[in-house]
Amino acid sequence: MTMYKPKSILITGAAGFIASHVANRLIRNYPDYKIVVLDKLDYCSSLKNLLPSRSSPNFKFVKGDIASADLVNFLLITEEIDTIMHFAAQTHVDNSFGNSFEFTKNNIYGTHVLLEACKVASGQIRRFIHVSTDEVYGETDEDAVVGNHEASQLLPTNPYSATKAGAEMLVMAYGRSYGLPVITTRGNNVYGPNQFPEKLIPKFILLAMKGQPLPIHGDGANVRSYLYCEDVAEAFEVILHHGEVGHVYNIGTKKERRVINVAQDICKLFSLDPDAVIKFVENRPFNDQRYFLDDQKLKNLGWSERTTWEEGLKKTMEWYTTNPDWWGDVTGALVPHPRMLMMPGIDNGSSGSSQQTVMTKSGSQSRMVVPSSKSVSAGGVSSPHKPPLKFLIYGRTGWIGGLLGKICEKQGILYEYGKGRLEERSQLIADIQNVKPTHVFNAAGVTGRPNVDWCESHKPETIRTNVVGTLNLADVCRENGLLLMNYATGCIFEYDAEHQEGSGIGFKEEDKPNFAGSFYSKTKGMVEELLNEFENVCTLRVRMPISSDLTNPRNFITKISRYNKVVNIPNSMTILDELLPISVEMAKRNCRGIWNFTNPGVVSHNEILEMFKLYIEPNFKWTNFTIEEQAKVIVAARSNNELDASKLKAEFPELLSIKESLIKYVFEPNKKVHSNGAA
């Protein structure tokens, strides 16, 4: 059997579920293949899915939309692509009933852009593998003993499958009209680690972990076939190397299960009573009774499934129990009919996006490059292009709010500061109507003048902004389908028996606040708990913020360097120079839920002042005093704690530890300025 050997493969949608397993497998097994992966990082994709590949020299990630013709043309030429594996698509049927136009835009128009780029590349593409679905065949009769074969009629029954059938027609037409070497796959349901929990199996597993009911559409008698993700990745490996141009291949299994049986098997894994846990809910507008494929053609190429249902389900359950926070806050996906995740303004890219992120392996470190707000055409000529992002920022006069504006200017992101007061709902609505943002950032809040002691004697003002205003903004954003990036505080915890000073055990995102020693912290802990009810909020717990601007009186280093006496206690802290740009990237990635927004590890007051002395003022001296002595000169108690930053580190592996970040972003730059000044 002749084996096709690609040189440079473009995999679209590669940060999604199935494609990430395929990409990781090819990168691992074929180090001589260059693999370029393209993904716009929509709600159901994540760079974490590609973590096994990010240190590989044959891996490159590009953040972008397949609907951007300039980008696709540019990639095909500059990366010398000879093979395309096209996975990128909107796939969730429930969402297609609620927002079918998005499916047409992504699945049909996006595919058309790719095909046209291949035509323009004129003979460069040697394989175009188009990934479709078993749903294009429509329902299979319940008593049928022979599955749909590759030549069966396409009879889609829902908007999702209709767009996939439409995309197939385009692929077939370009194959016949222009001789494009196309191969199409149609697959059964896939399950396994990394899958976004709007799909049945991960949704049921996460609900079972929480002890919540498992909602089944209709009576649960619908029949589905399930393949484990690694078996499917192997199928694509076989099709890539041995599939024949112009052919269609079903990727299927004859082992079928009713939805009710899937739910019962998951209950069994968690020792739950199915009769008590399973809940029947309203059915979809149309719910195909059965999909059944004839998979003999693929088996003739040498593939067969290896993983039994019991083994695959157990592996999947173990992965989700080990990685419960992989997707952050997925409350909205766990409802019986999830649709709100397709709200406009919350996706991470749009047609014609000019903001692209490229991640490659360079030496021993990954690097991320964000080009300016100009798109590059296939001929390499830059052309003006309006940025797809627009931020509405609250907190113009604040430290973080001001820095955010500078970051937007540097990255070429459009932004405006909100004019309304947070407690005035009508003013917030007017801001959103006037600015028409894609994301909202809340850097406004009362922290006290000059410090949190002020809040003790100004409680109504503190409540009005920190609680009422923040909730107001979250609710207005929710009603307008907007993601709110909310800068909060980690000063709602203090060391305790389970999280002792020096133990290295930090408070996690799911831990409940245990510190209300100041009124400021009390309001912040209160509002964080309430914000958990809003699925559109990303809460970033900042602690003792530090920046390279040592003249800023709000800078933690500036503060303690001016005190007569300081306590010496290790704390988690936030280096703004490194982390604020990350918060912008989190908005682009549609991150939600609570995040400890600090550099990993802790640093003590004395360690910071030692660095200050070493890099800035060689003759600097200071005196320590105890927390008990400190309490006599302050009105409100201060929070001291360590926050566990492992969730943020997993999302951004390049994130530096607190001491490394202090040296790189604060002390080294100021050392140079200091030396030059002295000279």
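Student: Where is lysine 254 found?
Tutor: Lysine 254 is in the loop between β10 (248-251) and β11 (256-258). Keep in mind that this is a predicted model.
Student: Is lysine 254 buried, partly exposed or exposed?
Tutor: Its relative accessibility is 46%, so lysine 254 counts as partly exposed.
Student: Which residues is lysine 254 in contact with, leaving aside neighbours within four places in sequence?
Tutor: Those are Phe292 and Asp295. As for aspartate 294, its C-alpha is 7.9 Å from that of lysine 254, although the two are 40 residues apart in sequence.
Student: OK, on to helix α8. Which of its residues are buried?
Tutor: In α8 (residues 259-269), the buried ones are Val259, Ile260, Val262, Ala263, Ile266 and Cys267. Looking down the axis of α8, you find the buried residues within an arc of 160°, so they line one face of the helix.
Student: And what is the phi of serine 271, which follows α8?
Tutor: The phi of serine 271 is positive, near 55°.
Student: Switching to strands: are the faces of β8 covered or open?
Tutor: Both faces of β8 (residues 214-217) are covered. Leu214 and Ile216 are buried on one side, and Pro215 and His217 are buried on the other.
Student: How many bridges join β8 to β12?
Tutor: There are 4 bridges between β8 and β12 (residues 278-281), and the two strands run parallel. Histidine 217, for instance, has valine 281 in β12 as its bridge partner.
Student: Now the open sheet of 6 strands. What is the strand order?
Tutor: The order is β18-β17-β19-β20-β21-β23, with parallel pairing. β18 (414-417) and β23 (593-596) are at the edges with a single partner strand each, so one side of each has no neighbour in the sheet. From one strand to the next, the twist averages 20°.
Student: How do β17 and β19 pair, parallel or antiparallel?
Tutor: β17 (residues 390-394) and β19 (residues 439-442) pair in the parallel sense, over 4 bridges. Within that pairing, leucine 392 has valine 440 in β19 as its bridge partner.
Student: Which strands does helix α13 touch?
Tutor: α13 (residues 425-435) packs on the sheet and touches β17 and β18, with its direction at about 155° to that of β17. Helix α16 (residues 519-531) also packs on the sheet, touching β20 (483-489), β21 (537-542) and β23. The direction of α16 makes about 150° with that of β20.
Student: Last one: how many helices and strands does the protein chain have?
Tutor: The protein chain has 22 helices and 24 strands, and 57% of its 679 residues count as buried.

Terms used:
Residues are numbered from 1 along each chain as its sequence is written. This is a predicted model: local features need pLDDT of at least 70, side-chain atom pairs count only at pLDDT 80 or more; totals for chains, interfaces and linings use all residues. Side-chain values use heavy atoms; hydrogens and water are left out. Buried means under 20% relative accessible area, exposed over 50%, partly exposed in between (1.4 Å probe, protein chains only). Two strands pair if DSSP finds at least two bridges between them. Contact means heavy atoms within 4.5 Å. The arc is that of the directions from the helix axis to the C-beta atoms. Axes are lines fitted to C-alpha atoms, for helices over the stretch in contact, and angles run from 0 to 180 degrees between N-to-C directions.
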